[in-house]
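Here is a short report for a reader new to this structure. Take a look at the fold before reading on.

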Amino acid sequence: MKPATQTDEDLPTYEEVLKQDTAASQQYPPQPPRPVPQQQQPPQQQPRPPQHYQHQYMQQGPGMAPAPAPGAMPRPNTTSSTSTSTSTNTSTTPSTTINGRRIPWVHDTPLNIRPASPYTLNPPVEADGLSWPSIGARERSEETSEEEQKRVGRIADAVQTILSELGENTEREGLLDTPTRYAKAMLYFTKGYQDNIIDDVIKNAVFEEDHDEMVIVRDIEIFSLCEHHLVPFFGKVHIGYIPNKKVLGLSKLARLAEMYARRLQVQERLTKQIAMALSDILKPRGVAVVIEATHMCMVSRGIQKTGSSTVTSCMLGYLRESHKTREEFLNLLGRRH
Ligand SMILES: [Zn+2]
């Protein structure tokens, strides 16, 4: 069966996306930063200075740093020794000070103002490494194992209710441990929220390289959860980019896809998030991400026949502008659109 193809004709370039933030910021007015309770921030866990980030992306000198996004929000100034500062930067330029050096284009992760859309108010990769997290991601990533057990318990209680409401006997043997198992499974399926894109995903895998030909990694398997039905969608991601003096370790492309897939997602957003994060990390000349996936909410509910797949794509930069380059990418993927 022919896959339904979503064209990316209407998808904006990265620059256009950032421009749209201006509009988005009016739609989603900024809220004051969420106070971080002191007891959740023991000194040894105090903000990890983003060493890798700084090393990989910042030691290029100011000339290499891109201009701050035009629509970006003013962010509080922070330093590497305090994660949240109450003094608000009055200038419209976002900035973070790391090791005494002001980095104009690095932001705190705005857990409480991030709109649901990938058209972010801030760049995809942020100073603390949490990239487009959920509102409770920081709490999850910093909790103790005891607190995690309590979280599992609370989810399990809710699952118990679901089972009863389905008319099941929750006391029968097969279902006894199901609530706890399901709770743990859900936390695993959404573990990508608390992945640190700098420390856990990219690590030290950004390399200076003169290679300027297209790099493609095909058939990266992903398993994600449709946020509308909480059922899986799964398939393959193909990622291509044209380097601009920097390349990423190949396995990291798969880790990047995995990080965004292990969240509650819609396929379109997953596609864009991977593309925009890669664009932000490498500043390549072009990025293309294509995802082919099967959605359980479609194939198991009789809307579409089994075997149908949904194809989404996001192309940025040169891969978007140049028809020829794009054709080359699609040819290398082994298919013509
Ligand atoms: Zn669905």
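Which residue just after α11 takes a positive phi? Gly334 does, with a value of about 90 degrees. This model is predicted, and the angle is computed from it.

**Overview**

The protein has 11 helices and 10 strands. It contains 337 residues, and 34% of them are buried. Among contacts with a separation of 6 or more, 69% link residues 24 or more positions apart.

**Strand β6 and its neighbours**

Strand β6 covers residues 232-242. Of its 11 residues, 8 are buried, so the strand is largely enclosed by the rest of the structure. β6 pairs with β5 and is also joined to β9. The table sets out the two pairings.

| Partner of β6 | Residues of partner | Sense | Bridges |
|---|---|---|---|
| β5 | residues 215-226 | antiparallel | 9 bridges |
| β9 | residues 286-295 | antiparallel | 10 bridges |

Individual bridges can be picked out. Ile222 has Gly235 of β6 as its bridge partner. Ile239 has Val289 of β9 as its bridge partner. β5 and β6 form a hairpin with 5 residues between the strands. In this hairpin, Leu230 takes a positive phi near 55 degrees.

**Helix α11**

Helix α11 spans residues 323-332, and its buried residues are Thr325, Arg326 and Phe329. Seen down the helix axis, these buried residues fall within an arc of 100 degrees, so they line one face of α11. The face turned away from that buried side carries exposed residues: His323, Lys324, Glu327 and Asn331.

What do the buried residues of α11 pack against? Their partners are the strands β5, β6, β9 and β10 (310-317), together with helix α10 (318-321).

**Helices α4 and α5**

Helix α4 holds residues 145-165, and helix α5 holds residues 178-189. They pack at an angle of about 120 degrees, with their axes 8 Å apart. The crossing of α4 past α5 is right-handed. On the α4 side, the contact is made by Val152, Ile155, Ala156, Val159, Gln160 and Leu163. On the α5 side, the contact is made by Thr178, Pro179, Thr180, Tyr182, Ala183, Lys184 and Met186.

Terms used:
Residues are numbered from 1 along each chain as its sequence is written. This is a predicted model: local features need pLDDT of at least 70, side-chain atom pairs count only at pLDDT 80 or more; totals for chains, interfaces and linings use all residues. A residue is buried if 20 or more other C-beta atoms lie within 10 Å of its own, exposed if 12 or fewer, and partly exposed in between; C-beta atoms are placed from the backbone. Helices (H or I, at least four residues) and strands (E, at least two) are DSSP runs, numbered from the N terminus. Two strands pair if DSSP finds at least two bridges between them. The arc is that of the directions from the helix axis to the C-beta atoms. Two residues are in contact if their C-beta atoms, placed from the backbone, lie within 7 Å. Axes are lines fitted to C-alpha atoms, for helices over the stretch in contact, and angles run from 0 to 180 degrees between N-to-C directions. A crossing is left-handed if the near helix is turned anticlockwise from the far one by less than a right angle, and right-handed if clockwise.
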